[in-house]
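Visitor: Please take me closely through one part of this model, a sheet in one of the chains. Then show me how that chain meets its partner.

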Amino acid sequence: MRKFLPLIVVLFLTGSAWALSDISFGVYGGLNAPLAQEDAKSGTGFGLRLKVAPIPLLAGAAFFESRSFGDPEVTIMAGTPLEQTTTSDGGKVTVFGAEALLGSPGGRFGPHFYFMAGIANYKWKRDNFEDLSKVGFHIGPGLEMVFPPGIGVEGKVKFEVVPTDGGGSRKNLLLFVGANYHLGIM
Amino acid sequence: MKKALLSGLALLLAVVIAGCIATGTLVLVFDLEGSHSSPGDFEAIDVDLSTNKDYNDHKDKIKSIDAVAVVGQISNNTSSDVAAEIYISDEVYTDPQAVRDNATIVFISPTIPANDTIFVDWSDGLSHIENFDELKAQIEDGSFKLYVLSSGPLDLSYELNLIVTMTAGV
């Protein structure tokens, strides 16, 4: 047993080293759901993320997301012969941001559960509406399962708040699934 | 001292975030009473938004008026192409010229061909709003008068709604 001890130590160190310096690149997509916003409906989105895990319990990531909202509907001329449903543009959102991941954000094989918090530049463009360009914040959990040779399948949930003028805010729930490629020890 | 300062900042941040999160964006539709404007049949549309329950429930918690659209059907009963114009004011005016001189124009419709009818939907209605700041102020106030005029000879029939998108505390 003793003669295997150095090998066991090396294996543990190798695993730690991987976790210490994992870099991964991922793509993801999913649901973009507005919360308490009658002027937008659920849409879809996709994103790209570069993640660096310098220590086992912490990672930092930069990301880009392109999302859309569904067109909102409203009934007008209610109760008259002209009653009908009319729509406006749900619009498109682009988000550039950074986030910190706490928990197990590294690249070793197996499951990794983490909690993230981030900040981002949020731009929402809709036809015939003023563009909304603000700083937004998000939090949420994520779970990634990493398989050999460093491919991870990930699901994550983000609750996003974008403060607006006048003390209000836009709030969205984002449900994403995606895949990451882990470059491993650098 | 440093600990107290940090605690205070954290508390302030929590209060700001809580206040910010406890808001929602509402889309409210108001019927604009009135159906005809001509030189001999011209009057103000009295708008009292507080008759709408949703508006009334949130009136004191309005954070922002985000968008306003005028939608509905407008008929041009003259033999000239015209655009409908809607003016806003708190005052009562009894002739079109007084309206033009004193009220604020807030909507100019697409051109309505002679003896024809157009329907302005939500998307179109948003793009034809003028003087949005004045309109926002009047909507926050909740009570105002609208006057429907024409860019040419005045003989219009209309059925209109006002769609207001606003963010308010919930």
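Guide: Strand E5 (residues 84-89) and strand E8 (residues 143-150) of chain B run antiparallel, joined by six bridges. Strands here are DSSP runs of E, at least two residues long, and helices are runs of H or I of at least four; both are numbered from the N terminus. Two strands pair if DSSP finds at least two bridges between them. One such bridge links Ser89(B) to Lys145(B) in E8(B).

This is a predicted model: local features need pLDDT of at least 70, side-chain atom pairs count only at pLDDT 80 or more, and totals for chains, interfaces and linings use all residues. Residues are numbered from 1 along each chain as its sequence is written, with chains lettered from A and ligands numbered from 1 in the order in which they are written.

Now the whole sheet. It is open, with four strands of chain B in the order E3-E8-E5-E6, and the pairing is antiparallel. Strand E3 (45-48) and strand E6 (104-108) of chain B are the edges, each pairing on one side only. Neighbouring strands are turned by 30° against each other on average, direction ignored; the axes are lines fitted to C-alpha atoms.

Next, the partner. In chain B, 26 residues are in contact with 26 residues of chain A. Contact means C-beta atoms, placed from the backbone, within 7 Å. Elements of chain B that each supply at least two residues to this side include helix H1 (2-21), strand E4 (62-76) and strand E9 (156-169). The residues on chain B's side divide into eleven nonpolar, twelve polar (Gly counts here) and three charged (Asp, Glu, Lys or Arg).

Terms used. Axes fitted to C-alpha atoms, helices over the stretch in contact; angles between N-to-C directions. Contact = placed C-beta atoms within 7 Å.
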